[in-house]
Amino acid sequence: MTVATRTATTSVVTRVRDRALATPGRVALREKAFGIWQEVGWAQYWEQVELVGHALLALGVEPGDRVAVHAENRREWLYSDLGIVAVRAVTVGLYPTNPAAEVSYLLVHSGAKILIAEDQEQVDKALAVLDECPELEHIVYIQPRGITSYHDHRLIFWRDFLELGRSHRDDHPGAVERRMAGSRPGDLMTLIYTSGTTGPPKGAMLTIANVEFAVTTLVGVAEPPPSPRDLVLSYLPLCHVAERAFTVWFNAAAGVQVNFAESIETVPANLREVQPTILFGVPRIWEKVLAGVNARLDSASPVKRLVLGFWLRVADRIGDTLTRTGGRHTTATRTAYAIGWLFCYRSLRERLGLRRVRYAASGAAPIAPAVLKFFMGIGVPMHEVYGMTENSAVATGNRPGRVRLGTVGEPHEGVELRLDEFTGEILTRHPGNFAGYWRDPRATAAVLDEDGWLHTGDVGVWVEDTHIKITDRMKDILITGGGKNVAPSELENALKASPYVKEAVVVGDRRPYLAALIGIELETVGEWARRRGLPYTTYRDLSGKAEVRELVQGVVDAVNTRFARAERIKRFAFLPKELGHEDGELTATQKVRRGAVAALFADLVEGLYR
Amino acid sequence: MTHTDRKVRIWGRPLLYTSYAQDMALFDTRAKKLWCGGLVLFALALSQVLVDHTLELLATALVAAIGAIGLNLVTGYAGQVSLGHAFFLAIGAYTAAALSGDPAGRTLGFGVTNLLIWLPAAGLVAALAGVLVAPLATRLRGLYLAIVTLGLVFLGEHVFKEWDDLTGGPGVGRPAAAPELFGWRLDRPGPLGSREQQLYLLVLVVLVVFAVGARNLARSRIGRGFAAIRDRDIAAEVMGVPLTRYKVLAFGVSSFYAGCAGALLYTVSGGYFEAGSFSLLLSVQYIAMVLIGGVATVSGSIAGALFITLLSPVTRELPALLPFISGDSTQTPNVFQVETVLYGLLIIVFLVFEPRGLFGLWLRVRTYWKSWPFSY
């Protein structure tokens, strides 16, 4: 390798390569296999990336070609992602939960040439829609179980794929490096398909420069900055920009050790094992942790319930103070916390897997301040952050010591942010603004104006001139029959802060009053019913009980007291089923598709206004 | 497969195992290492603190612990119920006594007083007996095996009562093995303190070695084989555990432990023993140690041995508190009867309420605090 062939453009790939040279033996990744966290050093990581790169070259991938990855979080995802970028191709991530129809849409729309699929499940989805994807040439599968009997000439087993790379490397040593040398900051690096709460997913194009800006900016959010001594747990879909940032980009830029959770179900257990120092979660995750604490508090033995209950009340008090001070302890809270640490908080955090967390962030969807306050109270430094795919996840964030609950924080360094004078829409401008939607100039023009401002579609207001508070999505604002503008997400999040409420959809556009469709949390309400000796069979049966209705009515009443008269929920109905991605009610990121839900349960909504 | 600098535990993350060696380590957490070290130091310190009479009692308990670990290996780990433990203890005791006995004495003796020779020899002879008995275990299971091993005790009792040359005859007995290490008699006051202090230290060291050995055996391939046989022998065989070989091994190792324990038992307590000691009651005592201490645990065996051995001096104090119990064995009720009844009662109570024994009680306490502040 000579200096001449080295690329001048810094990218995530060159960062990993440089780490492999500087600290070849340090741990880069950990993945649990056969009960043991298998460690991957930087040198090994880089070698795998290089092999993937060579293999892609051997398969004839040209700069700008799209390569799709359809897998759960695992080492091969990162090898593939960086290998693809190394040969100047474009990574397209698919959600593991995507049904075949969406897989087809994404493969066709992106025009992917190669698909790297995890297992039989994902391969089957691709094979089912193969005829619709003329551009797809090869499918690489990572797990062979069940696939060995398939006879399609396009299928390649991961190991053979790497073997192909190895022989290509023997024949053309340095070919990947030479290809990398040609990369420019403006090169397209990845297509991130937004979940699409309103229409079909749109592929946001992120360039190397976009990601570089995001990497350097986001690494500055934690104090002190992330280092190779930090551990993160990777468990949210890697095709989402937030998880990609916290896993791939943090890892490459700051050397943070990435630990892959076995699956989304095992996250609580994996958290306890890994005890990450930096943790990102979506509101749903944090709500679930809080609901779990409350459920286990109720079923604890009397002494433990007394002790934990007492210290949780103290934590609530500490949380109140921290909310006022922006996250800085006072002498009183510090003393209270120190005593509580001995009796409760240390072990509570250990059990939750949050013992070593020094920076926690919530983002990707709005969260109720009460949930954040709980975590601040038990000593987890929690920060709400804001960003979206279109600006490489870079916009605002609460800084350690300057937290304002209910806001998404201050604009990051180097970020221009203003509010539209008329609509209050948040506009951002910085080098992380995306290059446009893939094959969709009209949609691009709608969000990216000539001056380079990105129209986020979120309505916000300034709080104390420094922090931004998001009131709602532009499209979701309801105007009640009385002419009042209502932001449903505020109400919804207040409802979802209750451990018993999983989904809440507030309706009332051009209606005399507000009403809500509520989905109960089967686990906690089931536990609640069990303790009361209330027999039930299914979700539907449980939500039909008068007692459960009373329970949720209590939650709704409590929320209502905090809102103005016109913003109160007059009536509510239970969703007759749990919403799911398969049925099109939720996006891949578990966000409610309001349109779909409103249409599907139209008679239910009508019933609320009768 | 992986190429990282070294496999080290990541600080503050006791559940994050990056290799199987860490997962199966003897001391998988720092706390365990520290507590075990502390406990051994405490036991060493006791030799300087306690009076000789108590030390002798404790030393007896520690020797009993070695025997209990042995019984736990075959009964707890490998699931082969053995009531014949007294027989193997006897073989160890007589082998050691005969080897180290005075050649010119009343009873059989070869004059080999070196501890390093008679202790392993006692273990090996007992192990040989165990291996000879083991084929029975490959043919019989559960209750039948228990009854057959019970037969061993009666056979042994008869032989030892009749073989006066070796045992000195019933009611008379013979001196126990003389512990000599590098030409230095441990049963006479020496540089390490009084007789009791030296013997206590000796058995403490032996116990630590045997306990660590048993723990290591239990977490090895052989130990996993034992557990598989205990849980279901047919399934174990299907998985590739050679039943005959492993059962023979279990009896062999167990009897080795019993032999060593038997050899030391009377050296430590009194220095004299007679053939009637190796009765069914002794076997039951060891079974009680295992059941009360905790089946298939080494620390439980030690706890059980301490508990049972220290139970008799406590019951001996009973007449002072409860005047209707007599200290005289000719009257009823007397302390010896109470003691026997207590063994039985304790076994019943533990089996019904805490089948995991003292170790189970400890586990409960540990789980309570480990799950703090939740209940699960």
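Mentor: A word on conventions: residues are numbered from 1 along each chain as its sequence is written, and chains are lettered from A and ligands numbered from 1 in the order in which they are written. This is a predicted model, in which local features need pLDDT of at least 70 and side-chain atom pairs count only at pLDDT 80 or more, while totals for chains, interfaces and linings use all residues.

Trainee: Are H3(B) and H8(B) roughly parallel or roughly antiparallel to each other?
Mentor: Helices (H or I, at least four residues) and strands (E, at least two) are DSSP runs, numbered from the N terminus. Helix H3 (residues 52-77) and helix H8 (residues 195-218) of chain B have axes, meaning lines fitted to C-alpha atoms over the stretch in contact, with angles from 0 to 180 degrees between N-to-C directions, that come within 9 Å and cross at roughly 20°. Angles under 35 degrees count as roughly parallel, over 145 as roughly antiparallel, 65 to 115 as roughly perpendicular and the rest as oblique. H3(B) and H8(B) are therefore roughly parallel.

Trainee: How many nonpolar residues has the contact of H3(B) with H8(B)?
Mentor: Residues are in contact if their C-beta atoms, placed from the backbone, lie within 7 Å, and those that meet include Leu62(B) and Ile66(B) in H3(B), with Val203(B) and Leu207(B) among their counterparts in H8(B). Ala, Val, Leu, Ile, Met, Phe, Trp, Tyr, Cys and Pro count as nonpolar, Asp, Glu, Lys and Arg as charged, and the others, Gly among them, as polar. Besides one polar and three charged residues, the contact has 20 nonpolar ones.

Trainee: Which residue is the bridge partner of Val67(A) in S5(A)?
Mentor: Strand S3 (residues 66-70) and strand S5 (residues 114-117) of chain A run parallel and are joined by four bridges. In S5(A), the partner of Val67(A) is Ile114(A).

Trainee: Which residue of the hairpin of S19(A) and S20(A) takes a positive phi?
Mentor: Strand S19 (residues 454-463) and strand S20 (residues 467-473) of chain A run antiparallel, joined by six bridges, and Asp458(A) stands opposite Arg473(A) in S20(A). The hairpin has three residues between the strands, and the residue with a positive phi, near 55°, is Glu464(A).

Trainee: Is Glu262(A) buried or exposed, or in between?
Mentor: Glu262(A) lies in the loop between strand S11 (257-260) and helix H10 (267-274) of chain A. A residue is buried if 20 or more other C-beta atoms, placed from the backbone, lie within 10 Å of its own, exposed if 12 or fewer, and partly exposed in between. With 17 other C-beta atoms within 10 Å, Glu262(A) is partly exposed.

Trainee: How many residues does the contact take from chain A?
Mentor: Chain B gives 18 residues to the contact, and these divide into eight nonpolar, seven polar and three charged. From chain A, the contact takes 28 residues.

Technical notes: Two residues are in contact if their C-beta atoms, placed from the backbone, lie within 7 Å. Two strands pair if DSSP finds at least two bridges between them.
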